[in-house]
Amino acid sequence: RPFLILFVLFIKFKFALVSCNSVIDKIFTILDVTIDGLPHRRFPNVSLGIEPNGKKTGNSVFGHHCNIPNTTSTKKDNDLLIEMGFTPNRRLQTETLIDADQSLLQLAVILAVGGHNGDHNNYNYGSEGSLNGLLSVWDSWLQYFFAVSSNTSSLVLLFDERDFNSSNAKVSNESQRTRKQYLDHILINNMGATPVDCVHLRNRTNSRLKTRMHHRDNALLRKKSHTRQIGMASLSHSGCTNELPLDQGYRIYYVDVASAVANISMEQQPLVIFAAVHHFPAADWVLSSIAKGQIKDEEVLFKTWKPFRLNRRYPTNYAYVKMTNWYSHYMLQLRILDFFDYGGKLDNDVSFVAPFPEPNLPRRLAHNNTYMMGTQNGWYYDDPRISQGVLHCLQAFTDEESKYCNTRSSSELNGQKIKLVPRGKRDMHFWESSLNVTLRAHFLVYWLGLYTAPETKLLAKYWNEWHPWGMWDFRWGDQQWWPRPISMFGEGQLNREIDHYDVINTDNNKYLVHKLWPRQGTVPKAAYYNSSNGVHTKADRDAIYKQAAKAFIY
């Protein structure tokens, strides 16, 4: 009987580990992906695990700026001015240079695929919506970007649950697909990927830093064992699957770029793709409107909603605002990011036209010690109408944080009133005029040490919930969001903090183009995504473009 009791307790403990993401984050520190005939891909958990409101020592609360050590303060009248900073959630970039040189730092390019499904004339991607847009540019991504960067870059694709449900609603019950079948059809039949053979979250008791060091020490061994056993019979993995139980669940696939793309070295590692059918949550005001009976459901808004404080003719819709602002808050909650050093944003209206000149983007950012990389040699000045309210939001957030600092005892404050000041204001560039100065968001890379810092997550939540006067009134997109953590918590050294990678400037069209690739003009009419059963290859898409392009030849 004592043995039975212990066994039951053990089973309950194991269940608790599997069902709790926070526990998974603490226990499993290596993501191990097995591909038969190719070396394993291992992703160490590199997050420092710092979350807003988490305790470290004493009563210090992460995420609130009055508890950040080594902050600069000055006195003005009876106010104590404290500059706002951030608590890095990754090792400092200057501490990762050896890893960067050995291609151990990893970049996750994250794309929310959804929002364009024929509900609105704007952003017309044809009858298959966002999937058609993705498949129109996929061949260029694979051939010219991921085929040269796959050693340090992976792709995370989150397909909108709304599109999944819509695709099943169009067919009979017998023809409807499960989520796995839906992902397999997109990734295998359309994108040419293959499910990985096995996925494990490895349990390592040593620290994350030691895990990284272990990974570094085995880097040369990994390279030496990078032998391809083409034609080898598939090994049997008992109980294995390509499913990863993180966030809302992923299926993991790969593309062996050395075999799929011409003139690629056999030493190039396969591109790993994390794919999921994802539920993108509705805003609080939408849920409240439904509860009050003001609208039937969220579906109504996809067809009728317009930003409250913009002219009704302004070319935008509900789907655009919802999906682009997902990056400013909800994306930062993904646990899959714990296994990456850098994040990336790549829109499905961007195409690559030549082999990318930098195969190791994490190395570039680490050695430059930059928080972000953009594709233009200067700043982008957004429409001032849609940057309205940004200053109001940032000021209100700063005031709220200052109130928290002033809850300390009067003896601790010594009769002074604390007033927080954004440290990024040392450089006023992002604070000028109507705060419409930004950088183009169609392709950028950012350091997760800043963008998953607890202070950034608190700002992101505040930003996302700012209503009225926020994104739902003025159509803020992610382009308004990306500079804000730097302008609030950075060091006010924008020339160092942001890398304007002029070589890949989308204005010169040498390596990538924005909305200018030949296929782009045919997207509304051409079916690059094949929704029916059967395989659709690059050759098929090339033929479809050739036929569709005839309409543009006079």
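This briefing covers a disulfide, a helix, a strand pair and several individual residues. The structure is a predicted model. One disulfide is counted in the model, and it joins cysteine 198 to cysteine 240. Helix H17 (residues 454–465) has nine of its 12 residues buried, so the rest of the structure largely encloses it.

**Disulfide and cysteines**

- The S to S distance between cysteine 198 and cysteine 240 is 1.7 Å, which lies within the 2.5 Å cut-off for a disulfide.
- The torsion about this S-S bond is about -60°, so the disulfide is left-handed.
- Cysteine 198 lies in strand S8 (residues 198–203), while cysteine 240 lies in the loop between helix H8 (219–224) and strand S9 (243–244), so the bond ties together parts that are 42 residues apart in sequence.
- The two partners fall into separate accessibility classes: cysteine 198 is buried at 2% relative accessibility, whereas cysteine 240 is partly exposed at 27%.
- Cysteine 393 has a relative accessible area of 0% and is buried.
- Cysteine 405 also counts as buried, at 0% relative accessibility.

**Helix H17**

- With 1.5 Å for each residue, the 12 residues of H17 (454–465) should span 16 Å, and the end C-alpha atoms are 17 Å apart, which agrees.
- The buried residues of H17 are Pro454, Glu455, Thr456, Lys457, Leu458, Leu459, Ala460, Trp463 and Asn464.
- The packing partners of these buried residues include helix H12 (318–326), helix H14 (390–405) and helix H16 (448–451).
- Helix H18 (471–474), helix H19 (478–481) and helix H20 (484–489) are also among the helices that the buried residues of H17 pack against.

**Strands S4 and S16**

- Strand S4 (residues 79–84) pairs with strand S16 in the parallel sense, over six bridges.
- Within this pairing, leucine 80 stands opposite isoleucine 418 of S16.
- Strand S16 (residues 417–422) has a covered face made up of Ile418, Leu420 and Pro422.
- The uncovered face of S16 consists of Lys417, Lys419 and Val421.
- Isoleucine 418, the residue opposite leucine 80, therefore belongs to the covered face of S16, where covered residues are judged by accessible area, with buried meaning under 20%.

**Asparagines with positive phi**

- Asparagine 263 has a phi near 65°, a positive value in a residue other than glycine.
- This asparagine 263 sits in the loop between helix H9 (257–260) and strand S11 (271–278), and at 80% relative accessibility it counts as exposed.
- Asparagine 369 has a positive phi of about 55°, although it is not a glycine.
- The position of asparagine 369 is in the loop between helix H13 (361–368) and strand S14 (372–374), and its relative accessible area of 24% makes it partly exposed.

**Glycine 192**

- Glycine 192 is in the loop between helix H6 (179–190) and strand S7 (194–195).
- Leaving aside residues up to four places away in sequence, glycine 192 touches Leu187 and Val255.
- The C-alpha atoms of glycine 192 and aspartate 139 are separated by 9.9 Å, with the two residues 53 residues apart along the chain.

Methods. Residues numbered from 1 in each chain as written. Predicted model: local features only at pLDDT ≥ 70, side-chain atom pairs only at ≥ 80, totals over all residues. Heavy atoms only, no water. Helix = DSSP H or I, 4+ residues; strand = E, 2+ residues; numbered from the N terminus. Expected span 1.5 Å × (residues − 1). Buried < 20%, exposed > 50% of the residue type's maximum accessible area, 1.4 Å probe, protein only. Contact = heavy atoms within 4.5 Å. Pairing = 2+ DSSP bridges.
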